[in-house]
Amino acid sequence: MSTHNHHTKQHSENHGTVMNYVVGLLLSLTFTIIPYLLVVNKSLRGDVLLMTILGFAVLQMFIQIFYFLHLGRGPKPLYNIVFFFGTAGLIVVVVGASLFIMNNLYRNMAPDEVIRKVSQKEGISQVGGKPTGACTGNKDNYLITIIGGVARPIYVNARRCDTITFLNKDKTKREITFGTKYDQTSYGGEDKVILDDDRPETITLNQEGYFSFYDVLDPSLSGQFYVE
Amino acid sequence: MTDHSLVIDKEHEEAADDRTMFGFWVYLMTDLLMFAVLFAVYAVLRNNTAGGPSGRDLFSPELALAGTLILLVSSFTVGVAMIAARNGLKNQALTWFGITFLLGLAFLGVEAYEFYEFIHEGHTWRTSAFLSAFFVLVGTHGVHIITGLIWLGTTLVYIVKRGLNKPIVRKLALLSLFWHFLDIVWIFIFTVVYLMAFV
């Protein structure tokens, strides 16, 4: 009788109790809602936000593996854990290496526009002896403020390597793109400048000529700039 | 003597259970590798929108959260159902597995609604590499959910007709493992596909 009792006790420990599942569920819900709120409320930005939400996903995976799958509980399923970590290693290689290789490919074999964009971001003035057209030092800055659906000033006359900053004072989201409604292009490798809150966005004028811009969501908002 | 052979029988049975579990676990890990490849493809292609809409334009975070919460709760109910099944409580097990089934259907409904909206607006898998990768990754998960629901549905009919016996409890254990696994994969789809579109 006592061995039987011992047996069932061990059995339920291996497979978890209702309490295990309740704790697992509550932790999982918490770790789902926190990253959701961080993203929706824009409490964090950029890479910090990215790393935080990925961190929460990994944390939640371990919580579910422990509370729902009961991996590592009881003496037996050691080989399951070994197999799991082996697979996890393969996944890191598959996903990590794919991103690494494709990113390199993108940088090294991309069209001129992409090279211009990437080298502008990282301040690389030449690749393989060829100038990239990237500006390493910026000069003057021009501010274009959007108020009431109108861009001010509506025309900017600038020189190469100056910068233009767009600032959206309206509550509506703006997607500034270049060219005209009928002939959409990109500028300096930049397809779109998204303005969905008070945050200003700056572009570097690394391409010479006469350009126009407009809002994809409200094409009546437009303007021009000339780069000497 | 009889007592002794009973213990040996039980040990044999548990060893067989363990082997079955391990075999299924190996299957899950290979399935996970397939998902890893699809995740890699999605991660590489997520910005290649070819002038079409990006994830930021298309996705609704509320809808994705709703689907995630439904699937999370279903992962909980399948666990509770499994405890009832192991203790031989047929009606309790049927109730909790039934709830799991309905939650699975609800999740599938959310996903189908999202797909329908995208396609209805003209954003299909042919629009861009981003959308191809999206439909394949999320669609593959959806096919797994459909498989799980068919498996669960037929098993429930079996339990109603023949009751809870040892082999069926073993099958249910595999099914619940499968369901938890799909929930974990979804957590990463929720994060990498839906949340990361808004970063």
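In strand β10 (residues 201-204) of chain A, T204(A) is the bridge partner of T163(A), a residue on the uncovered face of strand β6 (residues 163-168) of chain A. These two strands pair in the antiparallel sense over four bridges, where pairing requires that DSSP finds at least two bridges between the strands, and where strands are DSSP runs (E, at least two residues), as helices are (H or I, at least four), numbered from the N terminus. The model is predicted, so that local features need pLDDT of at least 70 and side-chain atom pairs count only at pLDDT 80 or more, while totals for chains, interfaces and linings use all residues. Residues are numbered from 1 along each chain as its sequence is written, and chains are lettered from A and ligands numbered from 1 in the order in which they are written.

On its other pairing, β6(A) runs in the parallel sense with strand β3 (residues 141-147) of chain A over six bridges, and T145(A) stands opposite L167(A). The covered face of β6(A) carries I164(A), F166(A) and N168(A), whereas T163(A), T165(A) and L167(A) form the uncovered one. In a regular strand the side chains alternate between the two faces of the sheet.

Two helices are listed below; the expected span is 1.5 Å times one less than the number of residues.

| Helix | Residues | Span | Expected span |
|---|---|---|---|
| α2(A) | 18-40, 23 residues | 33 Å | 33 Å |
| α3(B) | 61-86, 26 residues | 38 Å | 38 Å |

Terms used. A residue is buried if 20 or more other C-beta atoms lie within 10 Å of its own, exposed if 12 or fewer, and partly exposed in between; C-beta atoms are placed from the backbone.
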